[in-house]
Amino acid sequence: MKRYLKIYLPVFGLIIVLFASCKVTKPYQKPAVDLEGLYREHVAADTITIADLHWKEMFTDTLLQKLIGEGIQRNLNLQAAYSRIRQSKAYFEQSKLAFLPSLNSDASAIATGSSNPNQVKSIIPYQYQAELTTSWEADLWGKLSSAKRANLASLLQAEANGRAVQTELVASIATSYYRLLALDEQLLITQQSLKNWQTTVDIMKKLKTADVVTGAAVVQSESSKYAVAVTIPDLMQSIRETENGLNLLLGNAPGPVARSKFDQIHPITLLQTGVPVQLLANRPDVQAAEYGFKNAFELSNVARTYFYPSLTISAAGGYTSFSSFFGPGSWISSLTGGLAQPIFNKGANKTRLKVALEQQQQAVLSFQTAVLTAGQEVSNAMYSYQKASEKKITRASQLENLEKSVQYTQALVRYGSANYTEVLTAQQSFLAAQLSQVNDQLQQLQATVSLYKALGGGWK
């Protein structure tokens, strides 16, 4: 064994040095992306962004905070994301061991007796052998190093995807919670409106008795009352379905959800977006897309190494005996080294590299798409918030005038100076405006959630 080492190891060492001087793999470079004008009609001057806020700072309602905390602990999609992270970590840990030699053991008993059928089986001699074998592949062209970096990128991508799932989860819980509160508010408004319509019906009946209006006014007012009443079951169904959907996000069975009142919610008003480049550091899906590109880049490096010879050194040592595993015998050992150079393998290496390069280009496109999508979501959320704020101002003026219209027409119809249809129209318009005002507020709340998510908040 020592004689083999003295002869072969210097030769192998020289071969390794000569091959290692050749560079086959390429150094990693981040994919280029143009961030100019990423936020439409919005130029951010500073680097302060709401994405840096913890979700408890963003959502101050204590009941909502409790729901989000429960969702992070129990959401099934998030648990599945954690499982994928653990799988990627296992592959990465395995890739680090590829630099070490393999070690195998073998023990066998081989019959070496005569083939004479008359020979007694119990006296057939056996050869006993125990052996250890080891094999080590030199990382001449960086194949093992590139594979390790590819697995690390895959692990980091899985972690980023996990953060993206949490970001989506936090936003979904907040959005569903605000929608639930808005439905509660619309139900209260509708129920109050139903009482008001009943008052109108009673007034119309009295006016008919006094010959101020006709029977048509009574039946029309009752019809309008029933039109309002019939919307209540739909609102209650929407409330029930939203509660069930929120429980699903929390990993719970369907059931009621403890919540605040709609008018108690006050979203933050200083919506700072920072600069577009911060999306690369804050958006988990953008990070995941970049790690996906890095993984594809390193796998293309691995594909390049298949065009070059591989150097493998193997050694074996063992003991053989004709009496027993522990009886007298002899030691055997061997040391071999080999270079395997691909010559013709039916185009497998060329195909492998071509596919790897195409997958690398596909990963670049996915990264660029992720960045553009992030810019689109930020722009949409900002614009939605601005328009909701504008509508709230206009809606307040509309409600003020509609409320006066209801009062005026009710007074006028009592004296026969107005048609009963004007009263009904004014009340219907007032109810519709009240419900729309809730939707305006909901749009503003959901826009803040969307912007927080679009900027990459919710996972820190």
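Let's start with a charge over a ring: Lys294 lies over the face of Tyr28, 5.1 Å from the ring centre. That label applies if NZ of Lys or CZ of Arg is within 6 Å of the ring centre and within 35 degrees of the ring normal. Lys143 sits over the face of Tyr306 too, at 5.0 Å from the ring centre.

A quick word on the source: this is a predicted model, where local features need pLDDT of at least 70 and side-chain atom pairs count only at pLDDT 80 or more, while totals for chains, interfaces and linings use all residues. Residues are numbered from 1 along each chain as its sequence is written, and side-chain values use heavy atoms, with hydrogens and water left out.

Now the ring pairs. Rings of Phe, Tyr and Trp (its six-membered ring) pair if their centres lie within 6.5 Å; planes under 30 degrees apart are stacked, over 60 edge-to-face, and the rest tilted. The count comes to six aromatic pairs, including these two:

| Pair | Centre to centre | Angle between planes | Type |
|---|---|---|---|
| Tyr28 and Phe297 | 5.5 Å | 80° | edge-to-face |
| Phe59 and Tyr452 | 5.7 Å | 90° | edge-to-face |

Tyr28 lies in the loop between α1 (2-20) and α2 (55-58) and Phe297 in helix α9 (residues 284-305), so their pair ties together parts 269 residues apart in sequence. (Helices are DSSP runs of H or I, at least four residues, numbered from the N terminus.) Ring pairs also link Tyr28, Phe293 and Phe297 into a cluster.

Phe297 is buried at 8% relative accessible area, whereas Tyr28 is partly exposed at 24%. Buried means under 20%, exposed over 50%, and partly exposed in between (1.4 Å probe, protein chains only). Phe59 and Tyr452 are both buried.

Key: Helices (H or I, at least four residues) and strands (E, at least two) are DSSP runs, numbered from the N terminus.
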